[in-house]
Every structure is written in C-alpha cells, then in structure tokens.
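Please look over the sequence and the structure shown here, and then read the notes that follow, which take up a few local features in turn.

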Amino acid sequence: MKLSTNEKLQILADAAKYDVSCASSGSNRKNTANGLGNTSKMGICHSYTEDGRCISLLKLLLTNYCIYDCAYCVSRKSNDVPRAAFTVKEVVDLTINFYKRNYIEGLFLSSGIFKNADYTNERLIRIAKSLRTEHHFNGYIHLKIIPGCSEEVMEEAGLYADRLSVNLEIPTERSLKKIAPEKNHTSVYTPMNYLTGRISLYNDEKRRFKNAPKFAPGGQSTQLVVGASPESDFDILHLANNLYSDQKLRRVYYSGYIPISDDNRLPALKAPPLIRENRLYQADWLLRYYGFTVDEIVNEQHQQLDLTMDPKMMFALRNMHLFPVNVNTAEREMLLRIPGVGVKSVNMIIKARKFRRLGYEHLKKIGVAMNRAQYFIEVSGRPLGMVSSDPDKIKMALAAREKRNQLTLF
Amino acid sequence: MIYIHDNTFDGFLTSIFEIYDLKILPDDICGEKNLQPSLFADKRKVTTDADKSRRVLAGLKKKLSAHGVNSIYKCWLSEQKGIEMVLFRYISYALKSQRNIESDFSNNDVLEVSQVVKKINREIHRMHAFVRFQKTSDEVYAATIVPDFDVVTLLAPHFKERYRNQHWLIYDTKRQYGIYYDQQEVIEVKLEDAQWEGRNKVRRSVLAEEEKEFELLWKSYFKATSIVERTNLKLHLKHVPRRYWRYLPEKA
C-alpha cells in the first residue's frame with residue numbers, strides 16, 4: 001500500500017514526538033544572498049501543542065522502521081504500529097513550504113534505525129545537505145546522531161546541522177541493559193565525546209577566524225527518560241551536572257516516561273511523572289542560570305526532589321542560617337538564592353539599588369514574588385514584620401496559600 | 001495647560017519642545033483624536049515641527065543610550081492611555097539628571113517605561129511567532145494581523161532578513177496599514193478598499209492552489225505532535241491566548 005505524504009506525516013510526527021527537545025536557539029546562522037531563512041539567537045516558538053509544549057521545529061522521523069527493541073520506545077521492533085518512511089524530497093518540500101509560511105524555525109530530524117547507525121545517519125544527512133546546498137536553506141536544523149555513529153559521518157552532519165544530539169535515554173548502564181538490550185552507554189558516550197571535542201575546536205576557530213567553517217554552532221544536547229528505571233533524582237542531576245561540565249552540553253532534556261507500552265520490562269505507571277519532570281527542569285535551571293552547585297539541590301540526605309515545593313524553596317528551608325538576605329547589600333550570588341526572585345529581578349535590583357535604597361514596595365513592583373520571598377529578605381536591617389523564620393511554619397503557610405489558590409479556581 | 005498634538009511621534013516631541021519653551025507645565029498631553037472635552041483647562045494646539053522634534057531627540061541622545069531613546073519610541077507605539085504624561089516625566093527626569101537614569105527602577109516612571117517596553121517587545125516576539133503567511137496566486141506571501149500595539153513597522157527587519165527571497169505583505173487590519181517587501185526593500189502600504197474574508201483574512205479566491213494542501217498538512221502535523229497523555233489546556237492557553245488563534249491555521 002502506498003501512503004500519501006499526509007498519512008506519512010501523521011505516522012512519523014506521532015513517532016517523533018517523544019523526543020522532547022524542540023529548541024531553535026543558540027545558533028548564529030545568517031541568511032545568504034539568495035537564501036531562505038536564518039536562525040534566531042533566542043529561538044522562536046511558533047505554536048504550542050495542547051500539552052503545552054513549544055512547537056518550534058518540524059519534528060519528524062525519517063522512518064519508524066527499527067531493528068532495535070528498546071522497551072521504552074514506541075517504534076521498537078516488537079510493537080505493532082503502522083510503519084512508514086519519507087523520501088528525501090518529501091521532507092525537503094515540507095520543511096521549505098512550512099518555513100516560507102512562518103510555521104516553523106526549521107527541521108528536527110531523527111529516525112528509527114535500519115541496517116546500522118552510519119547507514120541511517122547518512123540518510124538524515126542527505127536531507128540536511130539537500131536543504132543547505134540545493135535550496136539555500138539557512139533556518140535551523142537539528143540532526144539526531146544514532147548511537148554508534150562513526151566520526152566521518154559526524155563530521156559531515158556537523159557541516160549542515162545547527163544542533164546535534166545523541167540521546168542517553170536511560171541514565172545508568174545497568175538499567176539500559178535491561179530495557180534496551182541492543183544498546184550500551186559506550187555507543188552513546190563515544191559519539192558524544194567526539195562531538196564535545198569537535199564543537200570546542202569550532203568555537204576556538206571561530207574566535208580566531210571570522211570565516212571558520214561552521215560545525216554545529218548550536219552545540220549538542222541529550223535526553224534522559226525519567227521514571228522508566230529506578231534512578232533517583234540525585235543520580236539524574238549528578239549525571240546532568242557532569243554532562244554540562246565535562247561534555248559541555250547546551251541542554252539536557254528530561255522526558256517523563258509515558259506508559260506507551262505494556263512491555264513487562266517496564267514499571268506499570270498510571271500517569272506520566274509530570275510533576276517530577278517539572279521539578280527536574282527547575283533544578284536544571286538552578287544549575288545553569290542561578291549558579292547552584294548540584295549538592296545544594298540534592299545530596300545524600302535528600303536524594304529525591306520534593307514534589308510539593310520547588311527545589312529553590314527547599315534549598316532555602318534547609319538553609320535558614322543563610323537568610324534573611326539584605327537586598328540592598330547582598331552579592332548577586334545570594335540574591336539568586338532567594339525564593340521568589342528570578343534572574344531578571346536580580347538584574348533589576350542590582351541596577352536600581354545604585355540609585356537609592358530599595359524598599360519592599362519597590363521589590364514588589366519590580367516583580368518579586370513577595371508571597372514566597374517575604375520569609376527570606378530584609379531591606380537594610382529592617383526585617384519584614386510578623387513573618388516566621390521557622391521552616392515548618394513557612395511550609396505550612398505556603399501550603400495553605402496553595403490550597404486557597406486552588407479553591408478559587410472552582 | 002493641555003498640549004494637543006496631531007497623533008504623530010514628531011507631534012508629541014514638538015509638544016515636549018513647547019513645554020520647555022513656554023515653561024508652562026502640562027496638565028495633560030494628548031492627541032487631537034483622543035481629546036476629551038474639558039471646560040476648565042487651557043488648551044494649546046501644537047503645530048508639528050520636524051526641527052523642534054529633532055532638537056528634543058538630540059537632547060535626549062545626550063542623556064540616554066540608544067536603547068533608552070528607542071524605549072521612548074516603543075512606549076509611544078503602545079497607544080496606551082496617559083502614556084504621554086509618563087513619557088514627559090521620564091524625559092524631564094532624564095534631562096535634569098546628571099547621570100543616565102534608565103535603570104532607576106524604583107522611580108515609578110522609569111519602571112513604567114521599562115514595563116511598557118517589555119509589553120511591546122513581547123508583542124513583537126509574538127508577531128514573529130504567530131504571523132502566518134498564505135501564498136497568493138501571484139506569488140505574494142500575505143499575512144493579516146491585529147496586534148495589541150502598533151508594532152507592524154517594527155516587524156520589518158526580522159522578516160526582511162529571513163524572507164529575503166520572496167515577496168511578502170504583513171497587514172494590520174485594525175490600523176489599516178501594513179508593510180510590503182518586493183525583494184528589494186520594505187515599504188509602508190495602505191490598501192484602498194481592501195476586502196477581507198471572515199475575520200479579516202486574505203480572501204480564499206486569491207490564494208494559490210497549493211495553499212489549502214499545506215494548511216491541511218500543517219494541521220495534521222499539529223495534531224500528531226501533541227501527546228494526549230500529557231494534555232494540559234491551561235498551559236496551552238497561557239502560551240497561545242485565544243486572541244491570537246485567528247492567525248493560526250492549526251487553531252482555525
């Protein structure tokens with residue numbers, strides 16, 4: 001049976017959606033004289049799915065035929081789903097035409113594995129190459145690197161792609177062996193480490209020569225599936241922290257495992273662990289933008305993130321001896337540790353306090369969430385009256401507030 | 001004294017010039033279009049003068065960064081009621097201060113200017129995201145928009161750079177003007193007796209044949225890429241407020 005482009009699109013977008021990365025940011029590609037498109041430093045989300053995730057790139061599998069049988073994956077060999085494969089021309093046409101209508105920032109292309117890693121990756125690269133060289137397309141391209149991919153193939157991928165990613169998926173080798181028998185972590189770390197070296201070489205060349213040939217200017221990312229295996233948040237965040245510091249990844253994505261299969265290698269979940277996933281992203285933000293060390297967020301005593309409170313609040317409640325922080329004199333580092341104060345507010349506070357002493361009313365107007373911040377701040381020796389400094393009482397007050405807010409919704 | 005300008009940015013800057021020239025503080029500064037009848041206040045009709053407006057701008061450039069001067073223009077485009085008086089106070093604070101006041105966020109006017117600019121920038125970003133072109137049979141990629149603020153001219157640099165190789169039109173159907181790019185430059189256009197379809201969309205009859213097909217493909221993609229088990233309409237609506245749905249084929 002021959003499928004129409006529309007039917008293939010439905011099958012292969014559906015199969016690609018569990019890869020949560022959709023970022024179109026971090027690249028620096030400009031348009032060319034006769035070209036189509038460019039990249040935006042901050043990225044642009046052109047729409048949002050009904051589950052609230054950003055749609056920035058046209059995210060597709062080239063095919064969902066796969067020789068592997070990874071339990072967590074909807075495209076695994078043993079799963080009975082309709083299969084399809086795009087031609088190069090179909091993917092190119094969809095990308096160009098969607099892009100010209102301003103539906104997307106570019107293409108995210110991944111694939112089920114047919115034959116072997118290199119054979120599959122070469123087919124993905126062929127599409128990227130056609131877009132770049134025949135169609136002068138300068139929008140964003142994110143290519144998936146299949147575990148086990150060779151260096152020669154990655155070299156070519158980096159020429160055309162803005163971002164490359166190879167997915168760890170399962171945080172530990174032991175769990176991976178159980179769930180995905182054909183995979184091992186070496187086949188992921190080898191290409192990842194190669195890309196780390198290659199991208200840092202490019203960044204170095206870029207500083208020295210204006211026209212250094214591009215190699216994945218948007219860097220590399222990876223994805224971890226959360227809740228399909230028994231690792232704690234401590235394990236996951238330490239792993240992420242290493243990926244940021246050693247492999248210099250731009251992003252680690254956390255994908256709450258969605259019970260798509262009744263495979264008995266996996267735990268039976270009623271619903272995807274969405275709150276846990278959200279807490280991991282909050283913790284990830286603290287690592288990347290707030291200068292937290294991973295031990296401040298999770299440690300031997302606190303291996304799981306709290307599901308009722310965000311990780312920054314939990315840090316503050318465990319460390320009351322550091323508070324209250326004087327907003328008029330404190331260093332940036334401490335301002336960033338106050339619950340209810342974001343990076344933007346910190347920047348505004350630091351600039352504004354050069355003019356005059358800030359009071360509580362100023363903080364509120366600037367955008368500080370005083371309901372949370374009130375327990376942890378003071379303005380020049382003037383603590384806010386009547387607030388508790390007992391962590392248990394603060395917890396109760398915040399929980400009561402949360403409950404009131406929920407009630408008013410109904 | 002109420003200073004009345006002709007609803008142009010030059011007119012507003014000329015009013016600022018006259019306030020300093022006459023040394024009579026304003027009770028209000030407003031456009032002739034928005035003038036409320038008032039029995040008691042003195043009124044002064046300001047005649048727009050490019051030279052005076054240029055001199056005010058030159059004065060501001062000495063006291064503010066390029067970003068700060070641009071902020072004043074962006075606030076002006078907000079069309080927000082009373083924004084002229086906020087801008088007047090902001091400008092007088094900037095002019096009399098010895099140092100740059102752009103980041104004095106505990107001053108109410110400085111904070112308000114920064115917040116209005118934030119709103120405008122958010123609207124520009126949303127237009128970058130939600131403008132949806134439809135290809136017409138004469139190969140123009142056309143989009144209609146109804147932005148909250150008058151930002152259509154601020155969209156030109158982004159779309160010009162990105163769609164260098166196609167003719168495009170972005171038209172604000174509420175303010176009835178737009179920008180058109182002919183692969184050379186962007187010009188402001190006003191369509192006389194433009195006829196729109198439905199909720200001010202480009203008429204079906206002028207669209208290219210393949211247009212319907214790509215909208216259909218896009219809808220298929222949108223549907224397939226949602227994860228039903230994670231449905232969260234509240235979050236969805238936060239990112240795509242209903243007032244923007246009219247642009248989006250996937251929400252039509």
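Predicted model: local features only at pLDDT ≥ 70, side-chain atom pairs only at ≥ 80, totals over all residues.

Lys118(B) belongs to a patch of positive charge on the surface, where it gathers with Lys119(B), Arg122(B) and, from chain A, Lys344(A).

Helix α5 of chain B, which covers residues 108–130, gives the most to this positive patch, contributing three residues.

## A cis peptide bond in chain A

The peptide bond that runs from Phe323(A) to Pro324(A) is cis, and its omega is near -5 degrees. Pro324(A) is found in the loop of chain A that lies between α10 (311–318) and β9 (325–326).

## Positive phi values outside glycine

Lys248(A), a residue other than glycine, has a positive phi, near 55 degrees. Lys248(A) is placed in the loop between α7 (233–245) and β8 (251–256) of chain A, and Lys248(A) counts as exposed because its relative accessible area is 56%, where exposed means over 50%.

In chain B, Gln183(B) is not a glycine either, yet its phi is positive, at about 70 degrees. The loop between β7 (177–181) and β8 (186–189) of chain B holds Gln183(B), and this residue, with a relative accessibility of 32%, counts as partly exposed.

Note on methods. Residues numbered from 1 in each chain as written. Chains lettered and ligands numbered in written order. Heavy atoms only, no water. Patch = residues over 30% accessible without salt bridge, like charges linked within 9 Å, V, L, I, M, F, W, Y side chains within 5 Å. Areas by Shrake-Rupley, 256 points an atom, 1.4 Å probe, with all protein chains shown as cover. Salt bridge = Lys/Arg side-chain N within 4 Å of Asp/Glu carboxyl O. Lys, Arg positive; Asp, Glu negative; His and termini not counted. Charge placed at Lys NZ, Arg CZ, Asp CG, Glu CD. Helix = DSSP H or I, 4+ residues; strand = E, 2+ residues; numbered from the N terminus. Buried < 20%, exposed > 50% of the residue type's maximum accessible area, 1.4 Å probe, protein only.
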